[in-house]
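Here is a short briefing on one protein chain. Look at the structure before reading the points below.

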Amino acid sequence: MDNYLAISALQHYAFCPRQFALIHVEQAWAENRFTAEGKVLHERVDSGFAEQRRGTRYERGVMIESEHYRIKGKMDLLEVIAGDPVLYFPVEYKRGKSKLEDWDRIQLCAQALCLEEMRNCKISEGALWYWEVRRREQVDIDEALRRATIAAIEHAHHILASGITPEPTANTRRCRACSLMDICEPETFRKDHSAGYIKELFGE
């Protein structure tokens, strides 16, 4: 299980591969307001208690894994809806609000991939619940999202195996919201052209 990837790490990778490597390869971490609020939110929802209401069972803190994709983690909430067949509906809780990018949806889709393997089912949708707006966003687990998720899993595994931290993202707006900005020093690395110089030197 040592070579399994944490599902929560996929959100880090999708947001910024360098952030992913700093956390999961270099073991660097720093708190800011956003990470602290996210921690409080998950402490509230991760009770581990299950309950039944009107044909739907609500399971919290569900441990999941996929041997095929070598990923594992804990789900915030799984809704099990009685029927023939039984329907499984994953729900992930997030601190902020809905995003245009797929960072959060990729994490949710990875949970669906695990559930499909573990419970021999097909999951077509799930939801993201955002604390800031107190609202659910329905997510279609379609083929496009599955491809993006599988690609993220493969690339993240590659970074872990290589042990190489990628260059900073070109999207500087993401850096301002990142708790690792001081550790990452993105502007320093963007201005440092020594790697390119060495490559040209030995390539001649």
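Axes are lines fitted to C-alpha atoms, for helices over the stretch in contact, and angles run from 0 to 180 degrees between N-to-C directions. The model is predicted: local features need pLDDT of at least 70, side-chain atom pairs count only at pLDDT 80 or more, and totals for chains, interfaces and linings use all residues. Residues are numbered from 1 along each chain as its sequence is written, and side-chain values use heavy atoms, with hydrogens and water left out.

**Whole chain**
- The chain has 9 helices and 7 strands; these are DSSP runs numbered from the N terminus (helices are H or I, at least four residues; strands are E, at least two).
- Of its 204 residues, 43% count as buried, meaning under 20% relative accessible area with a 1.4 Å probe, protein chains only.

**Helices H1 and H4**
- H1 (residues 7-15) and H4 (residues 103-119) pack at about 150°, and their axes lie 8 Å apart.
- The two helices, H1 and H4, are therefore roughly antiparallel, a label for angles over 145 degrees.
- Ile7, Ser8, Leu10, Gln11, Ala14 and Phe15 of H1 make the contact with Trp103, Asp104, Ile106, Gln107, Ala110, Gln111 and Cys114 of H4; contact means heavy atoms within 4.5 Å.
- By class, the contact of H1 with H4 has 8 nonpolar, 4 polar and 1 charged residues. Ala, Val, Leu, Ile, Met, Phe, Trp, Tyr, Cys and Pro count as nonpolar, Asp, Glu, Lys and Arg as charged, and the others, Gly among them, as polar.

**Helix H2**
- H2 (residues 17-24) is mostly covered, with 6 of its 8 residues buried.
- The buried residues in H2 are Arg18, Gln19, Phe20, Ala21, Leu22 and Ile23.

Conventions. Parallel < 35°, antiparallel > 145°, perpendicular 65-115°, else oblique. Buried < 20%, exposed > 50% of the residue type's maximum accessible area, 1.4 Å probe, protein only.
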